[in-house]
Amino acid sequence: MKKIRFVLKGCAWAAAYVLGLVALAVGGAWVWWQPEPHARGTEVNALWARHQWVGQAHTDAEYRAYGTLLRENRITDVYFHAGPVEADGTVPPALYPNAAKLVAAMRTYAPGVRMQAYLGQIREVSGHGIIQLNDPAVREQILKTDQIFLDLGFDGIHYDFEPIYPDDKAFLELLDQTRRLTEPRGKLLSLALEQKTLLDASQPFYKALLPRAGKYHYPPRPTADFLRKVADRADQVAIMTYDVSLPTESLAGWHYARHTEWTLRLIGDRTTVFMGVPTYRPNMDWAEDLTVALRGVRRGIDALDRPPAKPWGVGVYADWTTNPSEWASYRANWLPRESAKVGG
């Protein structure tokens, strides 16, 4: 009995120690979170847009209203969902019958806004997924699909293939091939990528202990080296910073701040960076929302020694989940003050 009591007492002390550390972390984050950020946002920002814009017909009034929304909110780049890409790298024409009309309308109602064809699919990894980027024939067909959308008048190609692991040479090869297609035409190559891993040194342990498919899998996060390789190949990198799953606003804000600081330090001098912010309802929506994300991004900017050499901003995910009050919050909490007045 004495031995059991000793063990229980040890467990109790261990639990108290862990709870104490958690309380310190939460309390420290709360204190850190209180000061108002000094940094304002930028007028270079992106928006992920729903597939219906290329897939369905719209009225002239709808196009005009959408153009007004983009201008008021200083959106410079719109990723119009144009896929998904089939397993062979194609996109059936029946999925984008309205693409040419969309491009023409946006040239009229949102001049200067860069329209990019948003193409993606579930990357086949360890026998799970849909598209096999390791296959040169598939990559070649993706390039032909890219060419179709560039010929329709899109200003660039935006890739969102997931998951992408930091040893994915086929993905880097696809970026190289796509850059050879877009650059001579004066078009953009952009992509969405997961947030950077918290600790690069942990990657060998994940790789050794966890599979890359299934419920419990090795998280597909880029290392610093992989992120730099991607940035050297792309005109824009949008970081999917959302889905934080932290239980308080201060912790969620800390997440956005740290990833903003890390990402801009790593690649802000190499390529345009958009930090993704959500307007949908994440897993812990009481702690993570657009206002928290924007404040966190601004705190991350405050931590920088100097602004990045390349343009940077936020990427709003997504147009189909953003309501008027969220757009108003975005203008008030992100845009430079003189710009925020434009949208009310």
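Predicted model: local features only at pLDDT ≥ 70, side-chain atom pairs only at ≥ 80, totals over all residues.

A: The largest pocket has a volume of about 260 Å³. Its lining is made up of 15 residues, and those closest to the centre are Gln 195, Thr 197, Leu 198, Tyr 206 and Arg 221. Two elements each give two or more residues to this lining: α7 (203–209) and α9 (249–267). Of the elements, α9 contributes the most, with 3 residues.

Now let's follow Tyr 206, one of the residues closest to the pocket's centre. Tyr 206 also belongs to a nonpolar patch on the surface, together with Phe 205, Leu 209, Leu 210 and Tyr 216. Together, these residues have about 580 Å² of accessible area. Leu 209 sits in helix α7. Its relative accessibility is 69%, and because the cut-off for exposed is over 50%, Leu 209 counts as exposed.

Next, look at the loop that runs between α7 and α8 (224–231), where you will find Arg 212. The side chain of Arg 212 meets that of Asp 167 in a salt bridge, at 2.9 Å from N to O. This pair links distant parts of the chain, 45 residues apart, with Asp 167 in the loop between β4 and α6 (169–182). Asp 167 has 36% relative accessibility, so Asp 167 counts as partly exposed.

Asp 269 forms a salt bridge with Arg 306, at 2.5 Å from N to O.

Conventions:
Residues numbered from 1 in each chain as written. Heavy atoms only, no water. 1 Å grid on protein atoms, 1.4 Å probe; cavity = no way out; pocket = protein on both sides within 12 Å on 5 of 7 lines; lining within 4 Å. Points joined across faces, edges and corners; volume = space filled by probe spheres on them. Helix = DSSP H or I, 4+ residues; strand = E, 2+ residues; numbered from the N terminus. Patch = residues over 30% accessible without salt bridge, like charges linked within 9 Å, V, L, I, M, F, W, Y side chains within 5 Å. Areas by Shrake-Rupley, 256 points an atom, 1.4 Å probe, with all protein chains shown as cover. Salt bridge = Lys/Arg side-chain N within 4 Å of Asp/Glu carboxyl O. Buried < 20%, exposed > 50% of the residue type's maximum accessible area, 1.4 Å probe, protein only.
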